[in-house]
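This report goes through one protein model, from its ligand site to its strands and a few backbone details. Please keep the sequence and the 3D view open while reading.

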Amino acid sequence: PLPVAAADRPLVRIVIVGHVDHGKSTLIGRLLHETGGIPQQKLDQLKAISARRGMPFEWSFLLDSLQAERDQGITIDTSQIRFRTASRDIVLIDAPGHAEFLRNMITGAAQADAALLLIDAAEGVRDQTRRHGYLLHLLGVKQVAVVVNKMDRVDFAEPAFRAIEAEITAYLADLGVRASAVIPISAREGDGVSERGARTPWYAGPTVLEALDGFDPARAPGDLSLRLPVQAVYKFDDRRIVAGRIETGSLKVGEEIVFQPSGKTAVVKTIESWPVPPAGQERTALRAGAAAAITLDREIFVERGEIISTPASRPHAARRLRVRLFWLADEPLETGTPVIVRLATSEARAHVGTVYQVVDPGHLSTSQENRIGRNQVGEVELVLSRPVAVDPQGVNPRTGRLALEVGGRIAGGGLVISVLD
Ligand code: GDP
């Protein structure tokens, strides 16, 4: 479910990406500490443990210990790390360095409004940096701030910073992404995270916290048009109950709804809730984020995987799609490759028709090859075995992003560019 912002504090969901070891965990530990998310006592405890073991304290231990608490079910909010900036609630989606990170991002489980792209000042822009930058672009994350970390390793020298700044902004510009800031910091030593770095007097831009504060919050999911993927259909008494979670928009009793791809329509008769409310207090409306169980004014046969919308804003029922995707599997994707397409709660067999274009995200070189290799990006035609409900790019992220599976594993994913038929 999409977290819902408190009215007074807009919520921004962010991801922190970048090459392994460039300092993502360290930056997160710092951010949590400097925004008051970690009690001093906890920090002292972790420092004492490190000292006892004769090893230097690492900020990433904070994350590890939070993870351990989560695994033991101690922390109530299990999936997310949160902290506050001057005017925003920041939710950090997904832990960095997570092996399944790309897969999670692709399946749309992680839907970020904004991102920090981290680069080690001593190592500079690496292929993985570019790939992550590309993936942000591919998934439609438009707000990006670049953080040049470990400035202590280059003696806080401006020329080293400027060279990286020039290289990464040129790369992002080629993708059509404008970095909102490029920030020199030392996450380990604390420069530039919440306080202006005294050792970078030549830098006049924002701190990391200020950059986060400048990100636009998500459009409230409730303000988008109705998208309710059907999770299950139960037969109960003589009624049929359709259940699912409202991804976006809202649902009202008496409203006409459409099921896509079947195209069937009905009117919402009741919205069931449990425990059954006293007579006269039935629910008449639900908003994004809520689990819904509804009955309809007529007997129609609908299935799991269909998307409920309103007639005015229905998604396409599509069988052929043009898709821009990121490929992760060892075996290349080429004409005829069979895949399973997952889109919201729908699932369909498909195969690749035409491969239009292949891009190497490391160097942004395009080729007319007809196979997409591991870690490459391409545009392909997907031919589905049956229609699924789809919103092409931008209309509704939940039904415009898809994942491809091969042999039961997520092998790639991306955005629906257009509906071919
Ligand atoms: P991640 O893989 O991106 O999460 O990277 P980590 O946060 O685990 O950091 C990798 C290593 O870089 C650790 O040994 C950190 O102590 C070190 N590191 C992180 N930030 C800095 C920094 O600002 N300066 C220096 N010198 N080392 C850092």
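The model is predicted, so local features need pLDDT of at least 70 and side-chain atom pairs count only at pLDDT 80 or more, while totals for chains, interfaces and linings use all residues. Residues are numbered from 1 along each chain as its sequence is written, and side-chain values use heavy atoms, with hydrogens and water left out.

**Ligand site**

The ligand is surrounded by 16 residues, of which K24, S25, T26, E58 and D152 are the closest; a residue counts here if one of its heavy atoms lies within 4 Å of the ligand. Helix α1 (residues 24-34) gives the most to this shell, with three residues. Helices (H or I, at least four residues) and strands (E, at least two) are DSSP runs, numbered from the N terminus. By class, the shell has two nonpolar, seven polar and seven charged residues. In this scheme Ala, Val, Leu, Ile, Met, Phe, Trp, Tyr, Cys and Pro are nonpolar, Asp, Glu, Lys and Arg are charged, and the others, Gly among them, are polar.

| Residue | Distance to a ligand oxygen atom |
|---|---|
| S25 | 2.6 Å |
| E58 | 2.5 Å |
| S186 | 3.1 Å |

On its own the ligand has 580 Å² of accessible area, and the protein covers 86% of that. Accessible areas come from the Shrake-Rupley method with a 1.4 Å probe.

**Strand β4**

How many residues of strand β4 (residues 114-120) are buried? Seven of the seven are, so the strand is largely enclosed by the rest of the structure. Buried means under 20% relative accessible area, exposed over 50%, and partly exposed in between (protein chains only). One side of β4 carries A114, L116, L118 and D120, and the other carries A115, L117 and I119. In a regular strand the side chains alternate between the two faces of the sheet.

β4 pairs in the parallel sense with β1 over five bridges, and V17 has L117 as its bridge partner in β4. With β5, β4 pairs in the parallel sense over seven bridges; there A114 stands opposite Q143. Two strands pair if DSSP finds at least two bridges between them.

**The antiparallel sheet**

Seven strands form an open antiparallel sheet in the order β7-β15-β11-β12-β14-β9-β8. β7 (228-229) and β8 (232-236) stand at the edges with a single partner strand each, so one side of each is left without a neighbour in the sheet. Within the sheet, β11 (residues 256-260) and β15 (residues 307-309) pair over three bridges, with V258 opposite S309.

L296 lies in strand β14 (residues 291-296) and is buried, with a relative accessible area of 11%. Beyond its neighbours within four places in sequence, L296 is in contact (heavy atoms within 4.5 Å) with V242, I257, F259, A266, V267, V268 and K269.

**Loop residues**

The peptide bond from Q260 to P261 is cis, with omega near 15°; P261 lies in the loop between β11 and β12 (265-272).

D21, in the loop between β1 (11-18) and α1, has a positive phi near 80° although it is not a glycine. D21 is exposed, with a relative accessible area of 62%. D155 lies in the loop between β5 (143-149) and α6 (158-175). Phi of D155 is about 55°, a positive value in a residue other than glycine, and D155 is exposed at 67% relative accessible area.

Definitions and conventions: Polar contact = N/O pair within 3.5 Å; in protein donor to acceptor, adjacent residues only side chain to side chain. Buried < 20%, exposed > 50% of the residue type's maximum accessible area, 1.4 Å probe, protein only.
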